[in-house]
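This report describes one protein model for a reader new to it. It covers sheets, a helix pair, a pocket and cavities.

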Amino acid sequence: MNPRLALAALALSAGIAHAAPQGERPVFLGQHILYNRTFDGLQDNLFDGLRIWGAEGTTWREIEPQKGQFDFKRFDEHVAAAQARHLPLMHTLGQTPLWASARPDEQGNTGPGAAAEPADMEDWARYVRTVATRYKGKISAYEVMNEPRVPEAVKVWSPGFFSGSAAKLAELTRITATEVRRIDPTAKIVCPSMDGFDGLKRLDAFLKTGAGQYCDVIGFHYYLPRQTVKELRDMVEETNRIKAGYGLAKTPVWDTETGVIVAEAGYNLQPKFKEGPLSKSFQSDDAARLAAKMLVVSHNLGVERTYWFAHDTSWMGSTMADKRQNRLNNFGRALAVLHGWLGGRYLRNCTDAGTAMSCEVYDGKSKLGAIYWGPGKPSAAWSKEGYSRIEFLDGTSTTLTGFDPATTLPRMPDDVVLLR
C-alpha cells in the first residue's frame with residue numbers, strides 16, 4: 001500500500017459516521033433525474049435530494065472521453081439546477097472510459113470497457129480528484145460504483161456495471177475515500193451498492209476485504225424479487241447482520257436505488273423479465289402503496305435514506321409517458337403526498353406486525369399524527385385515540401366525523417393512510 005494512502009486510511013477510520021438512534025433520524029425520500037430538461041418546471045417539495053446516476057453526461061467515460069480532456073458541461077448544468085432547488089446531491093462514480101479500461105474488449109452495460117477497473121489506478125485517482133475538486137461543497141456524498149458483480153461471491157452472467165474483483169473494488173474505494181476526504185472532508189463516502197438477494201453475498205465478500213473502514217455509509221439497492229414488504233424486512237435485517245459482523249453495526253445504511261415498473265410512466269409497458277424485481281408492471285395506486293410501505297419499513301429498520309429510480313424514466317418514473325411535458329402521473333402525485341407527510345419528519349413508536357404497521361409522525365417534538373396500514377378500525381375508535389382526520393395517498397382527506405362511527409377505516413387493509 002502507498003504510505004500516503006495508508007496514513008489517510010487510518011485517519012479516515014476515526015471519522016466514520018454512525019447511525020442515529022431510532023426515532024432521531026428524519027425520513028429522507030430521494031430521487032433520480034436523468035435529463036436536465038426535467039428541472040424546468042419541476043414542482044417544489046417532491047423529494048429530499050438526488051442521486052446522480054444515469055443522468056446524461058455524468059459518468060467517467062462521458063466527462064473524460066480522452067485522457068486529461070474533461071467535458072463537464074451537462075454535469076455542471078445538473079448540479080446547478082439541483083442546487084437552485086436546494087436538493088442535496090450524491091454522485092455515483094464509475095464507468096471507465098475505453099482508453100483507461102483494463103478490459104477494453106469487455107462489453108459493459110454502458111459500453112465497451114466500461115465495467116472494468118482502470119488499468120492504471122492513478123487514472124481513477126485523478127478522475128476522483130478532479131470531480132471532488134470541481135464540486136467541493138456542492139456534492140455531499142460519493143458512491144463507489146453501481147451494483148458491482150463481485151465474481152468471487154456469485155455466478156456472473158454479464159459484466160454489468162462493474163466486473164472487477166472484490167479486491168479491485170476495495171482498492172477503488174480506498175483511493176476514493178483518500179482523495180475525496182483530502183479535498184472535501186465533509187463529503188460522505190458510500191460503499192459500493194449491491195442489489196437484490198444475491199447482493200447480500202456480494203456485500204459480504206466486499207466487506208471481507210476490510211474496505212468497510214473507508215466508508216461512512218453502507219449502500220444497498222433493495223429491489224424486491226417478488227415485490228413484497230416481507231422480502232424488504234428480510235434483506236434489511238440481513239444487511240444489518242452482515243455489517244455488524246465486520247464491526248460496522250453503527251455505520252448507517254442508505255437505499256441508494258429502488259423502484260418498480262410503473263405502467264403510467266411509459267407507453268404499453270410490459271414486464272422486462274419472467275421473474276425478479278422487474279417482472280411485474282404496477283398500476284400507480286399499487287406502486288404508491290408499495291413505495292410508502294418500503295419507505296416506512298426500511299426507515300424503521302435503520303435505513304436512513306431511500307432513493308427512488310427514477311423521476312423521469314419511461315418505465316419506472318413518476319412522470320407521464322410524454323416526458324417533455326414534465327407532468328406528474330398518479331404515482332408521482334402520490335409520492336408527493338407521501339413526501340408531504342413524512343419528508344424531513346420523524347417516525348417514533350412504530351409497531352410492525354407484518355400485515356399491519358403504524359408509526360407516530362413527528363415534526364421535531366410535535367406529534368402530527370400517525371401513518372398506518374392494516375385491518376381497519378371503527379372511525380369512533382380512531383377518534384378515541386385522539387385523531388380527527390384521515391388522509392389518503394391520492395391526496396383526498398376527510399374528517400372522521402364525516403363517517404358513521406362504525407365505519408371501518410381504512411376500508412382496505414392494503415391502504416396506507418395518515419391519521420391526524
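How many bridges join strand 3 to strand 6?

## The parallel sheet

Five bridges join strand 3 (residues 89–93) to strand 6 (residues 139–144), and these two strands run parallel. Across this pair, His91 stands opposite Tyr142 of strand 6. Helix 3 (residues 73–84) packs on the sheet and touches strand 2, strand 3 and strand 6; the direction of helix 3 makes about 175° with that of strand 2. Contact here means heavy atoms within 4.5 Å.

The open sheet has four strands in the order 2-3-6-7, with parallel pairing. Its edge strands, strand 2 (50–52) and strand 7 (188–190), each pair on one side only. From one strand to the next, the twist averages 25°. Two strands pair if DSSP finds at least two bridges between them. Helices (H or I, at least four residues) and strands (E, at least two) are DSSP runs, numbered from the N terminus.

## Basis of the model

The model is predicted: local features need pLDDT of at least 70 and side-chain atom pairs count only at pLDDT 80 or more, while totals for chains, interfaces and linings use all residues. Residues are numbered from 1 along each chain as its sequence is written, and side-chain values use heavy atoms, with hydrogens and water left out.

A second open sheet is formed by six strands in the order 14-15-16-21-18-19, with antiparallel pairing. Strand 14 (346–352) and strand 19 (397–399) are its edge strands, and each pairs on one side only. Neighbouring strands of this sheet are turned by 20° against each other on average, direction ignored.

Strand 14 is joined to strand 15 (residues 357–363) by five bridges, and the two run antiparallel. Arg348 stands opposite Glu360 in strand 15.

## Helix 4 and helix 5

The axes of helix 4 (residues 121–134) and helix 5 (residues 166–183) come within 9 Å and cross at roughly 35°. Axes are lines fitted to C-alpha atoms, for helices over the stretch in contact, and angles run from 0 to 180 degrees between N-to-C directions. The crossing is right-handed, that is, the near helix is turned clockwise from the far one by less than a right angle.

Residues making the contact include Trp124, Val128 and Arg129 of helix 4 and Leu172, Ile175 and Glu179 of helix 5. The contact residues divide into nine nonpolar, two polar and five charged. Ala, Val, Leu, Ile, Met, Phe, Trp, Tyr, Cys and Pro count as nonpolar, Asp, Glu, Lys and Arg as charged, and the others, Gly among them, as polar.

## Pocket and cavities

The largest pocket has a volume of about 1,100 Å³. Of its 36 lining residues, Glu147, Trp157, Asp195, Phe273 and Leu278 are the closest to its centre. Helix 6 gives the most to this lining, with four residues. By class, the pocket lining has 15 nonpolar, eight polar and 13 charged residues. On a 1 Å grid over the protein atoms alone, a pocket is an open set of points with protein on both sides within 12 Å along at least five of seven lines, whereas in a cavity a 1.4 Å probe fits but cannot get out; lining residues have an atom within 4 Å of a point.

There are three cavities of 30 Å³ or more. The largest cavity has a volume of about 50 Å³, a volume being the space filled by probe spheres set on grid points joined across faces, edges and corners. Its lining includes Leu29, Phe47, His311 and Ala336, and divides into six nonpolar, four polar and no charged residues. Helix 9 (residues 330–342) supplies the largest share of that lining, three residues.
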